[in-house]
2 protein chains.
Amino acid sequence: MTQVKRTLEFVEVAPRDGFQSVGPIIPTAEKIRIIQALHAAGLRRMEVTSFVGPAVPQLADAAEVLAAAQALAGLDAQVLVPNQRHAERALAAGAKHLAFFLSVSERHNANNVRRSVAESVTEYARIAAIRPAGIKLRLNLATSFDCPFDGRVAEAVTLSLLDQLLEIEHNAEVALCDTTGRVTPGHVTSLFASAMSRFPQVPAWAFHGHDTYGMGAANVLAAWHAGVAVMDASAAGLGGCPFAPGATGNVATEDLVWMFNGMGIETGVDLAKLTIAARDLTHLPGAQTGGRVRDALERTRECRA
Amino acid sequence: MTQVKRTLEFVEVAPRDGFQSVGPIIPTAEKIRIIQALHAAGLRRMEVTSFVGPAVPQLADAAEVLAAAQALAGLDAQVLVPNQRHAERALAAGAKHLAFFLSVSERHNANNVRRSVAESVTEYARIAAIRPAGIKLRLNLATSFDCPFDGRVAEAVTLSLLDQLLEIEHNAEVALCDTTGRVTPGHVTSLFASAMSRFPQVPAWAFHGHDTYGMGAANVLAAWHAGVAVMDASAAGLGGCPFAPGATGNVATEDLVWMFNGMGIETGVDLAKLTIAARDLTHLPGAQTGGRVRDALERTRECRA
């Protein structure tokens, strides 16, 4: 494995991917307090909420959460949007960074946003067309590797969809997402290598992985060695995908901070503060959490005391 | 990361490392039943027990367990021994494969076997001297990377101890063990690269890792890419080290089988059978288990049903 010098960036997704997976509505003030704690731990980029329809009542307070997040110094607060209408709502609320999402798999896209993939591509074109100057755009490709309904997604299918999307707008960071957590490191390496070589115009690549099958850190390591610098992660491993059966468990931010710290790669994150913030997340009613570092550090402290 | 063509071999350590960590005595018949189930899942090498003193009552049935394991077709049954006296007991019981262990760290060795490292080196020399022809020997180097008492172990210290040990006897597989689970992939890569280059006479290298900090699969991946082909793992992640505070959680065999299956690397293991055997292990009274694949596969089945 070659060591590559580049700047690692985490996208903390607990406030969106994580909260969305929690059943009981989290009070807005509590969400804001959590975002502030994650920011205080050094995280400088977060997916803070999503502008979506009333089918996701947990995120109905998107505008208020976004406003609070944008008040934090130096925080790049991205918001997830599924279509033009919600992108317009996000922009009206002052969003500076939109993350559009669609799935490579027809069945997952239908379940997730009730559209065909072609219809989602059209929405991407509409969002690209209305995007004001200075507003950042990210493209999240769910089921890039594996679909909860159809299994392994052929690389050619993912690359072909990227062909269409990047012809519309290539000035966007592209996140390849392992929605199910079933991908293994060789596939991560291989798809990123193919995509990076085929689409050199893409300014930045990101990886969004899950730890459902214990591959969280290994897959992030594979992405890092493939040249990816932007990693999605969720404090306490909070989250999952309600449309991917069994796919609970984002990779835990604190586990990745532990790994990259050990490898001498700067994360900008204070692990002690992050661990405390992550511990608070595990106390949210209805939270499904994962990760190992949080418990390991606390157990070690107890044993040494 | 380069792909290397070589034969992967698991050493299933649940029957020794795993059982040793369980408080309530497991009936001998139950241990044998578990070893048989792991064998039926395709595992062909196991650390089946340890010949140690009465301080470890859980392994007092070593001779009986060893005999039952050696009755299984094609099973390479290795037994752990801390000194000459117990090596002689193991040989008298018919052991064909001895695994000697000592720690790089003085404090850990004192806690683990109540000897100085120099005294353990002497025991290694004695065992090498009495080893009959045809009896395999493995050298387990605990705290090769990190010590629960003293933190990071300098590579030079580990390599220097290997200098002494390999001068005595180099015709043994060498396992570098991450006793605490605190190692990260860069350190795994680096130490194996240094050791392999310095000791080309060693016939085989092995890695023994823990998942305590979520690095289990990532570290095995790093070892694999460094050229290591022999990986210790424990079904259901059963186990830990009683002298390493917080170090519960061997890397789960089923998680590694999932990873290597996904990478197209032959494991010889039937994952469905292994998952059932691992599930049984989680029901042992007093068992501390880990791993993600077992639950993920079962949750997916439930959700799809």
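At what angle do the axes of helix α10 and helix α11 of chain B cross? In this predicted model, the axes of α10 (residues 253-262) and α11 (residues 271-282) of chain B come within 10 Å and cross at roughly 165°. Since angles over 145 degrees count as roughly antiparallel, α10(B) is roughly antiparallel to α11(B). The crossing of this pair, α10(B) and α11(B), is left-handed. On the α10(B) side, the contact is made by Thr253(B), Glu254(B), Val257(B), Trp258(B) and Asn261(B), and α11(B) brings Leu271(B), Leu274(B), Thr275(B) and Ala278(B) to meet them. Sorted by class, the contact of α10(B) with α11(B) holds five nonpolar residues, three polar residues and one charged residue.

The crossing of α2(A) and α3(A) is right-handed. From α2(A), the residues Thr28(A), Lys31(A), Ile32(A) and Ile35(A) meet Glu64(A), Val65(A), Ala68(A) and Ala69(A) of α3(A). The contact of α2(A) with α3(A) divides into five nonpolar residues, one polar and two charged.

Turning to the contact between the chains, chain B and chain A each give 34 residues to it. On the side of chain B that touches chain A, at least two residues come from each of α8 (185-198), α9 (216-226), α10 and α12 (293-304). Helix α12(B) supplies the largest share of that side, with six residues. By class, the side of chain B that touches chain A has 15 nonpolar, 14 polar and five charged residues.

In soluble globular proteins, nonpolar side chains tend to be buried together. The largest nonpolar core has 184 residues, and of these Val79(A) and Val79(B) touch the most other members. Leaving aside residues up to four places away in sequence, Val79(A) touches Val48(A), Thr49(A), Ser50(A), Phe51(A), Ala62(A), Leu66(A), Ala90(A), Ala95(A), His97(A), Leu98(A) and Ala99(A).

Asp163(A), finally, sits in helix α7 (residues 155-168) of chain A. Asp163(A) counts as exposed because it has 11 C-beta neighbours inside 10 Å, the limit for exposed being 12 or fewer.

Note on methods
Residues are numbered from 1 along each chain as its sequence is written. Chains are lettered from A and ligands numbered from 1 in the order in which they are written. This is a predicted model: local features need pLDDT of at least 70, side-chain atom pairs count only at pLDDT 80 or more; totals for chains, interfaces and linings use all residues. Axes are lines fitted to C-alpha atoms, for helices over the stretch in contact, and angles run from 0 to 180 degrees between N-to-C directions. Helices (H or I, at least four residues) and strands (E, at least two) are DSSP runs, numbered from the N terminus. Angles under 35 degrees count as roughly parallel, over 145 as roughly antiparallel, 65 to 115 as roughly perpendicular and the rest as oblique. A crossing is left-handed if the near helix is turned anticlockwise from the far one by less than a right angle, and right-handed if clockwise. Two residues are in contact if their C-beta atoms, placed from the backbone, lie within 7 Å. Ala, Val, Leu, Ile, Met, Phe, Trp, Tyr, Cys and Pro count as nonpolar, Asp, Glu, Lys and Arg as charged, and the others, Gly among them, as polar. A residue is buried if 20 or more other C-beta atoms lie within 10 Å of its own, exposed if 12 or fewer, and partly exposed in between; C-beta atoms are placed from the backbone. A nonpolar core is a set of buried Ala, Val, Leu, Ile, Met, Phe, Trp, Tyr and Cys residues joined through C-beta atoms within 7 Å.
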